[in-house]
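Take a walk through this model.

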Amino acid sequence: MTLPPIARRAIHSFVGILAVVTQMAAQSTFTLADTLRGALRPERTCFDVVHYALDLDLYLVDSSLSGSVRVAYRGVFAHDVLQFDLAPDLEIVSIEQRGTGLRHRRITGAVFVALSVPTAAGRMDTLTICYRGRPRVARQPPWDGGLVWRVDSLNRPFIAVSCEGIGASVWWPNKDHLSDEPDSVSFAMSVPNPLRLISNGQFRGQEFEGDRTRFRYATTYPINNYNVTFYAGHYVSFRDTLTSADRTTPLAITYEVLDYNLARAKRHFAQVKPMLRCFEHYLGPYPFWRDGYRLVEAPYLGMEHQSAIAYGNRYQRGYLNGMIPEDMDWDYLIIHESGHEYFGNAVSAPEHAEMWLHESFTTYLEALYVECRYGRQDYVRYLAGQRGSIANAEPIIGPLNVNYVGFGSSDHYFKGSWILHTFRTLVGDDPFLTLLRDFYQTHAIGTVTTTDWLQCVGEHFGKRYETFWRQYLYQPGIPLLRVVPATEGRSIAYFEGAVAGFTIDLKVGDEVINVSDHPQTFALGKAAWGAFRQNDYLLDYDLRKLP
């Protein structure tokens, strides 16, 4: 194939690209593949994806798939190379732009495509990538991503995909970076009869193709690439609706379950509507109203796939019957994964390093759900149960510009939840809940950064809490509150291990005192400190020296 001159120049530039990203990777503990996935270079920033149209065939006989992905994109600035991503074990058959075949170079999972027509600011264009192969099999989904090939209890095929972290490029070609959500996605896949296929968004029909059926779905909202998903199995559906004073039409609720679990699911999923009402109370109506809320039985534990949430908790309370107080009866997976529709899907981080914006806020939503359904005492009790899972092992914000998915602890879940709880204690219930709602409603639906959160905090409370957030987001440890006796029943209190200038107000007995990283004397003795409400603050304590 003969390429126009601009494309030949683009192919030669791959040598320079490889040299730069190799140097970037060498400067850290991250691999070249991590850097290629995580960094935003001109080959990615020169275009903005508007729509993906996936049209695929799934084959059970060899666990493979084949088909095409049509990418509609808008140019941001002039450039003649685009980077897409696709797992190295999947074969690219062809790439076309306006009917012209394009050359490409693959470096690990990155695919650099030499355009026949360069990007231009504001100009729409399309590429079609045809590919095939056997996608990586998930070894321990949803944490270890890929396709899930299993059977149900009647030994029938039960197939799904989960790819957060490892990325959607493990099974389809795309611009695999969280910062660029397409405005919408259409999905079509053929599967062997009598399997039914479920995907995101609105069901758009099915076509019978001999011994196979092609199912079509489409989203009408932006969506994270890792949320694009499918499930194939012997499904049956049942439906419900939810009304809202803020919406003119009811929300369509659809439950997709294995046929032999229908009666069980109807009983167990009765908790969904009360949950949706609680989340609406705090944040507003379910965010993907046009596409509907769908809960889909999955062959793994769970995942927050937008408008098609994966459910695999086996119709038990808690998290496989644990992780919540024994006297509570609600399904952790339903509450947590549905909470991600607000934080994670409607409000999305542009970097894996900032996944606390997904996980911390959603983990805190669990506590708000408990408060909504059970009351304030149980809210505090539920949070106390989370505290034992805080390791203080690393900052909950990771390094930027690489594919950072290697959090060594669960701190971006539980510690982040406790940070929000502590901040609520400091500013008060109503101001905090107003902040939370304003932040969500201001930034839904789109990507959001930690800076956006801090700006919203500043708009509500000024600069007073800057050191609070600098401490809790960017330091691995938490402050140690040290209290020692002074003369005549007084005490000296201060924080150790805190950033310079760290200061917060503490409720001690009937008083509120401002404690900082510098020792101060307070007219408080042992009795007052004995009434200190430790469950309101994410702090370590040393009160042992009080007489």
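Buried means under 20% relative accessible area, exposed means over 50%, and partly exposed lies in between (1.4 Å probe, protein chains only). By that rule Cys46 is buried, at 0% relative accessible area. Cys456 is buried too, at 7%.

This is a predicted model: local features need pLDDT of at least 70, side-chain atom pairs count only at pLDDT 80 or more, and totals for chains, interfaces and linings use all residues. Residues are numbered from 1 along each chain as its sequence is written, and side-chain values use heavy atoms, with hydrogens and water left out.

Now the disulfide (a pair of cysteine sulfur atoms within 2.5 Å). The structure holds 1. Cys278 is joined to Cys372, with S to S at 2.2 Å. Cys278 sits in helix 6 (residues 272–283) and Cys372 in helix 8 (residues 356–374), so the bond ties together parts that are 94 residues apart in sequence. Helices (H or I, at least four residues) and strands (E, at least two) are DSSP runs, numbered from the N terminus. The S-S torsion is about -80°, so this disulfide is left-handed. Cys278 is buried at 2% relative accessibility. Cys372 is partly exposed at 32%.

Turn to strand 8 (residues 124–133). In a regular strand the side chains alternate between the two faces of the sheet. Here Asp125, Leu127, Ile129, Tyr131 and Gly133 point to one face and are buried.

Strands pair if DSSP finds at least two bridges between them. Strand 2 (residues 64–75) pairs antiparallel with strand 8 over 10 bridges. There, Tyr73 stands opposite Asp125. Strand 4 (residues 90–97) also runs antiparallel to strand 8, joined by 6 bridges. Glu91 has Arg132 of strand 8 as its bridge partner.
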